[in-house]
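Dear colleague,

I am passing on a structure that I would like you to look over.

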Amino acid sequence: MQRLDDIVIVAAGPGDAPELAEVHVAAWRETYRGLLPAAYLAQMNSHLYARRWRRQLMAARPPEIVLAAEGRGGLVGYCAGQVRSDLAMAEVSTLYLLGGAQKLGLGRRLLSATARVLQARGASALNLWVLKGNTPAQGFYEHLGGAITAERPVRGWGGGYTEIAYLWRDIDRLARAG
């Protein structure tokens, strides 16, 4: 079990790619157990994700900001987002925490810190998509003031999945939540 005081939020760099990949795979296996096919989760490969993270984080001008939550034993979570070119809208593409780092307020801190960076880059609103059925995440975003605005079918994993969009019309409210 982590303590919130022992965790710092930092901008991720290429050297963080292996740990980001480990957190990604572990968090997916924890979060989506029972929601996504077990065979898909079992075949997830942290080496493949590490290469993707390294390539993304080495880009001269990466389109996304990636903030990592680092505890005494290494990374325990991350949040990635970017400002879209349309209407000063920011989008968070991923927010994952390992199970042992949840329920401490870290998710709120991480999302809020990401919102502040995106706001500084010109965003006035923020949205994100959540897999329908991920009840803990849905409750978390609703608790932070996210409003459901849309649903869309998801391709992949054999079909039959839906994502739900959450929107914060005023990014400042979310930026101040942390």
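The notes below go from the overall fold to one helix.

This is a predicted model, in which local features need pLDDT of at least 70 and side-chain atom pairs count only at pLDDT 80 or more, while totals for chains, interfaces and linings use all residues. Residues are numbered from 1 along each chain as its sequence is written, and side-chain values use heavy atoms, with hydrogens and water left out.

The protein has 6 helices and 7 strands (DSSP runs, H or I of at least four residues for helices and E of at least two for strands, numbered from the N terminus), and their order along the sequence is β-α-α-α-β-β-β-α-β-α-β-β-α. The radius of gyration is 16 Å, close to the 16 Å that the globule rule gives for 178 residues, so the protein is as compact as a globular protein of that length (the radius is taken over C-alpha atoms, and the rule is 2.2 Å times the number of residues to the power 0.38). Of the 178 residues, 44% are buried, meaning under 20% relative accessible area with a 1.4 Å probe, protein chains only.

Helix α1, residues 17–31, reaches 20 Å from its first C-alpha to its last, close to the 21 Å expected at 1.5 Å a residue (1.5 Å times one less than its number of residues). Its buried residues are A17, L20, A21, V23, H24, V25, A27 and W28, and they pack against α2 (38–43), α3 (46–58), β2 (65–71), β3 (74–83) and β4 (89–97), with contact meaning heavy atoms within 4.5 Å.

Note on methods. Buried < 20%, exposed > 50% of the residue type's maximum accessible area, 1.4 Å probe, protein only.
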